[in-house]
Amino acid sequence: MDVVAVMMVRDEDDIVGYTLEHLLAEQVDRIIVADNRSVDGTRKILDHYAETFPVTVIDDLVVGYNQSAKMNALARAHCAEGDWVVPVDADELWFATDGRPLGDM
C-alpha cells in the first residue's frame, strides 16, 4: 500500500526539513510539496530533499493563499500515485498511536 503526503508551504524554513524527515521516517512513500512563493530558505531545503528522497516540489505560481482548493487539487492530481493521500501542514506531524509507522497503517 502506497502512502502519498501532499503539502503546501510558504516560508517554512524553520520546520519543513524536520517535517519531511518525520514523514520519511514514518515510511510515507512519496511527498508532494507545493511551494507557495517562499522568500526565505524553504525552497533550498525542499530542493535538497528532492535530490535524494521521493520528494517532488511544485512551484505554485498562482498568487493567493486558497489552501483548501490547492490541497484538493494536489490530492486529485496525485491520488493515482498512492492508495492513501494524506494532507499535511508543515507544522504538523502524523503518526500511528500504536507505534507502527504511518506507512504500515
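I use the term for a side-chain nitrogen of Lys or Arg within 4 Å of a carboxyl oxygen of Asp or Glu. I note that this is a predicted model, where local features need pLDDT of at least 70, side-chain atom pairs count only at pLDDT 80 or more, and totals for chains, interfaces and linings use all residues. I number residues from 1 along each chain as its sequence is written, and side-chain values use heavy atoms, with hydrogens and water left out.

I then checked where the pair sits. Aspartate 47 and arginine 43 are 4 residues apart in helix α2 (residues 42–52), so about one helical turn separates them. I take helices (H or I, at least four residues) and strands (E, at least two) as DSSP runs, numbered from the N terminus. Aspartate 47 is partly exposed because its relative accessible area is 30%; for arginine 43, also partly exposed, the value is 24%. My cut-offs are under 20% for buried, over 50% for exposed, and partly exposed in between (1.4 Å probe, protein chains only).

I counted 3 salt bridges in the structure. One of them joins aspartate 98 and arginine 100 at 2.8 Å, N to O. Another joins aspartate 11 and arginine 10 at 3.9 Å, N to O.

Next I looked at strand β1 (residues 3–9), and I found 7 of its 7 residues buried. I recalled that side chains in a regular strand alternate between the two faces of the sheet. In β1, Val3, Ala5, Met7 and Val9 are buried on one side, and Val4, Val6 and Met8 are buried on the other.

Which strands pair with β1? I found 4 bridges to strand β4 (residues 84–87), running parallel, and 6 bridges to strand β2 (residues 30–35), also in the parallel sense. Pairing here requires at least two DSSP bridges between the strands. Valine 6 stands opposite proline 87 in β4, and methionine 8 has alanine 34 in β2 as its bridge partner.

I traced β1, helix α1 (residues 16–25) and β2 as a right-handed β-α-β unit. Right-handed means that, with the strands pointing away from the viewer, the path from the first strand over the helix to the second runs clockwise.

Last, I looked up tyrosine 18, which is found in helix α1. Tyrosine 18 counts as exposed because its relative accessibility is 53%.
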